[in-house]
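Open the model in your viewer and keep the selection tool at hand. The stops below go from one residue out to whole chains.

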Amino acid sequence: MQRFIAVRVLQSLIAVLIMSVIVFGLARVSGNPLDVMLPIEATQADYERLAKHWGLDRPVITQYFLFLGNALQGDFGESLKYTGTSAMELVGQRLPATLQLAGLALLISAIIALPIGVLAAVGKDTGWDDAAKVIALLGQSLPGFWRGIVLMWIFAVMLGWLPTSGRGGIEHMILPAITIGWFQVAAIMRLVRSSMLDVLDSEFVKLARVKGIPEWKVIWKHCLRNAGITPLTFFAIVAGSLLTGSVVTETVFSWPGIGLLVIDAIQARDFPVVQAVVIVFAGIFILCNLVVDILYAYLDPRIRYQ
Amino acid sequence: MADITTQALPSETSTRSSTIWRGLRRYPLFPLAILVFCLVIPAVFAPLVAPFDPYQGSLRARLIPPFWQEGGSFEHLLGTDKLGRDVLSRIIYGARVSMTVSLIAIFVSGIIGTLLGVISGYFGGRTDSVVMRLVDISLSLPTILLALVLSAALGPSFTTVIVVISVLLWSRYARLVRGETLAIKERDFIARARVAGASHMRIMLLYILPNVVNSLVVLATLQVGYVILLESTLSFLGAGLPRAEPAWGLMVADGRELIVTAWWVSMFPGIAIMLTVLSLNLLGDWLRDHFDPKLKNL
């Protein structure tokens with residue numbers, strides 16, 4: 001087990017390092033990095049200041065380690081669009097909005113997906129199961145950005161029930177959260193269904209039935225509790241799709257989180273902010289993956305020896 | 001297993017209509033029809049079936065609604081966008097863009113992944129562990145971010161999108177092919193080929209590769225839908241194809257600000273993406289179930 005954890009931790013560190021090399025390298029390969037980092041209207045003074053900050057007069061390897069050293073201290077430089085604010089500060093300001101939205105999305109999808117998954121498993125090969133399959137299929141096939149626009153069109157433009165965009169009270173969060181959560185509904189539901197099917201077949205469920213426990217209690221208490229473990233470990237993929245979802249959904253609904261920040265930064269060629277967001281996002285994502293893998297190995301010993 | 005038995009032994013009481021129904025369920029006719037209609041015909045015959053030039057609009061014909069709405073005309077069946085370009089024609093050319101990007105990207109990543117996978121599985125040892133570590137790392141990188149950074153630095157273009165998608169996809173092929181190669185290389189005919197004097201190269205290309213083609217085709221089909229989604233998402237975010245191209249994702253992005261006044265600009269390309277990806281997913285699932293049950297957990 002220790003060896004497994006050590007290998008996985010090492011792998012994650014390498015993955016973060018590779019991300020940093022990519023982020024660092026891409027600003028260099030496309031010509032003078034300052035051209036990429038600075039907006040077109042930058043002055044000569046901006047060039048000299050940045051050249052000194054990034055140590056551009058030294059060899060590339062030295063430059064990379066300089067970048068890495070700064071990055072480890074959370075210093076990606078100053079934002080070029082919002083001058084006077086460091087890139088990391090911007091990320092810190094925007095992160096709560098993203099987490100808030102992601103949390104609500106996760107909650108909504110769990111509330112919707114669990115019962116549907118259970119019903120699909122209990123009513124295998126009936127209408128319930130078919131309906132669940134359709135939901136899952138739609139979840140995988142609808143592009144996230146379009147899903148958001150359709151929801152906005154129906155509930156905000158045509159019915160006028162909810163605001164179209166921006167940040168405010170809970171009513172501003174409902175549409176974006178559903179847009180993000182939709183994909184998870186499909187994924188979580190399929191997992192709940194398949195693990196429920198396994199559990200429904202097991203001995204202790206038969207025993208519970210023989211003991212005369214009411215069927216609803218057998219299903220919703222005895223089975224679901226045991227079947228719930230598998231979808232929990234699925235969190236890595238969920239974390240990944242929450243990330244993707246937040247970039248896309250925040251753009252659609254103008255939700256001021258870090259997803260919107262990174263898109264704005266890319267369009268404004270605000271490279272320090274892009275670097276900061278990407279490294280923070282990648283760090284969170286890779287950490288989630290690591291935690292889940294370790295959790296999984298702990299729950300299922302077979303994985304450790306592969 | 002249950003499926004196979006019921007299919008192999010049709011019940012004696014089956015009526016004519018239920019036979020047709022079973023036929024429909026057994027062969028993916030419905031998704032295939034959508035696919036041909038939505039993707040293949042428009043993509044191949046774009047200049048013939050598109051009523052207008054997708055790049056040229058007329059400013060007098062701006063934001064005309066689809067024909068069934070007031071103010072719409074049969075000339076522009078699905079209306080026009082804010083530059084007066086015909087939405088239907090752009091969707092038709094968009095099919096060509098989506099299909100070109102996904103076929104090239106899957107071809108490139110498939111070749112890289114397959115080669116690395118065969119080499120990794122066949123030689124084993126240190127080569128294998130290096131390649132597999134690379135696969136693990138590449139699978140643990142966040143897809144959309146990597147794509148965003150790459151295209152932000154390289155600038156929006158066809159090449160960028162293809163490079164980005166290939167970088168993201170090769171590892172799946174490598175992992176699949178390596179697994180199959182490990183199983184195949186233990187079989188007798190490989191040992192016999194070796195004894196008969198076949199080189200490693202010859203064994204890999206002529207003896208192992210043909211045996212993994214089935215799985216490769218299934219995986220590739222399953223990925224076309226994913227690639228189309230990815231490309232349209234990148235284009236929507238402004239990190240994919242150049243602004244003027246008639247790509248579905250770009251068209252949805254164009255229509256986003258117009259959602260209150262001109263819903264058709266973003267709705268129709270979205271429906272095109274949905275139908276295409278939906279049918280590709282159905283087709284992929286069917287292929288997997290029928291030709292390669294090993295891939296069940298993919």
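Select Pro246(B) in this predicted model, then show the residues that Pro246(B) touches: Pro54(B), Arg90(B), Tyr93(B), Gly94(B), Val97(B) and Met251(B), leaving aside residues up to four places away in sequence. Next, colour the helices on either side of Pro246(B). The residue sits in the loop between helix H10 (200–236) and helix H11 (248–256) of chain B.

Is Pro246(B) buried or exposed? Pro246(B) is buried, because 24 other C-beta atoms lie within 10 Å and 20 or more are enough to count as buried.

Ser98(B) is 148 residues from Pro246(B) along the chain, yet their C-alpha atoms are separated by 9.6 Å.

Move to the boundary between the chains. Here 33 residues of chain B are in contact with 43 residues of chain A. On the chain B side, the elements that give two or more residues are helix H6 (125–140), helix H7 (143–154), H10, H11 and helix H12 (264–291). Select H7(B): with nine residues, this helix gives the largest share of that side.

Finally, select chain A. Its 306 residues include 40% that are buried. Show the cartoon and count the elements: chain A has 14 helices and zero strands. Of the contacts in chain A between residues at least 6 apart in sequence, 70% join residues at least 24 apart.

Conventions:
Residues numbered from 1 in each chain as written. Chains lettered and ligands numbered in written order. Predicted model: local features only at pLDDT ≥ 70, side-chain atom pairs only at ≥ 80, totals over all residues. Helix = DSSP H or I, 4+ residues; strand = E, 2+ residues; numbered from the N terminus. Buried ≥ 20, exposed ≤ 12 C-beta atoms within 10 Å, placed from the backbone. Contact = placed C-beta atoms within 7 Å.
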